[in-house]
Every structure is written in structure tokens, then in C-alpha cells.
Amino acid sequence: MATAAPQSRLSPFLTAPSVAVIGASTHKHKVGYQVLQNLLLNSRRAPVSSPAAKRRIYPVHPTASHILGLPAVPSITALTEPVQLVIIVTPVGTVLEIVEAVIDRNKNFKSSQRVQAVLIISAGFAETDRAGRTLQELVQLKLELAGIQLLGPNSLGLVYPSGFLNASFAQADI
């Protein structure tokens, strides 16, 4: 039986009813594939009555039409459904543009349907050099000003076993 998610700054990550994986991949050895697969496997293992079993998962890939049996969209702006959690698994050079698109996209949705949290798995930020640090600070500032929680960058992801959430590229059977 799943326990309730703790009410904290992590709640938007742990209890999101819909998740978009930007950088989802059709190649099983890529991080974007592993993150998407982990999300799907854990949602399918959840009791039918739990929120995790009803979690909507949207792969975002510029050219794929389907990934792991799910319809893919070419960009976050092409996704017309509400999304509360965005996971970014793309090269560092694309992250700022994606974050700006997420912030802009939120203007089209009522507050309960907006992106509330962003998880950046991508690396190449403050851990690399001064330019990476500057980029990381800019991404953090933009998300903070938009009222969007941030976890990352350069993250393994997030695992919340009792909530049937594995939004990481770690082994699926954690």
C-alpha cells in the first residue's frame, strides 16, 4: 500500500499526475529511454486505485511518433495536455531554451494544470566550468521567478518507491 507523499517542496515532483520526458529516446541504452521506461514500469506496478496507476506520461522527441508504446510529441509546446512535472534529459546546450518554452507554455494553462516542477538530469553545468555555473544560475533564476520548483541539474533523477515513482535512469527494480 502506497503511503501519502510528504507535503514539502518535493510534493510537485512526488505527486505529479502527469509527466513529460523531454529527451525521451527510442534507443534502450540512452538515458531518455531508461527514464521513460522506469516511469512506465513503476506506474504499471502501482495498485489500480492509486494516483501512480493513473499518471499520464508523455515522451517528447523531435522525430519519433511513438516510444515504448506511447505517442510522442515533437516539443513541449506541441503537447496540449496539462503537465505538472517536466523531466529534461537533453544536451546541456538545449536546456535553457526548453526551460523558457516550459515557462511560456504555462501561460496557456490554469494554475492547477501548469508545470509545477522541473527535474533536470542533463549534465554540463556548474560541475564543469564557469560558463556552466552561469547557465545553471540562469536556469535556476528563470524557474524561480516563474514559481517552478527545480531538482538538478546533473541529477540521477528521483525515486519515491512508496509512490511508485522512478523518474531516474537507475535500475528499474529499485
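1. Of the 174 residues of the protein chain, 47% count as buried (under 20% relative accessible area, with exposed meaning over 50% and partly exposed in between, for a 1.4 Å probe and protein chains only). This is a predicted model, in which local features need pLDDT of at least 70, side-chain atom pairs count only at pLDDT 80 or more, and totals for chains, interfaces and linings use all residues. Residues are numbered from 1 along each chain as its sequence is written, and side-chain values use heavy atoms, without hydrogens and water.

2. The protein chain has five helices and nine strands; helices (H or I, at least four residues) and strands (E, at least two) are DSSP runs, numbered from the N terminus. Their order from the N terminus is α-β-α-α-β-β-β-β-α-β-α-β-β-β.

3. Strand β2 (residues 56-60) is largely enclosed by the rest of the structure, because four of its five residues are buried. Five bridges join β2 to strand β1 (residues 18-22), and the two run parallel; strands pair if DSSP finds at least two bridges between them. Val19 has Ile57 in β2 as its bridge partner.

4. In helix α4, the buried residues are Val95, Ile98, Val99, Ala101, Val102, Arg105 and Asn106. Seen down the axis of α4, they fall within an arc of 165 degrees, so they line one face of the helix; the arc is that of the directions from the helix axis to the C-beta atoms. Gly93 and Glu97, on the other side of α4, are exposed.

5. What do the buried residues of α4 pack against? They pack against β1, β5 (85-88), β6 (117-120) and α5 (130-145), where contact means heavy atoms within 4.5 Å.
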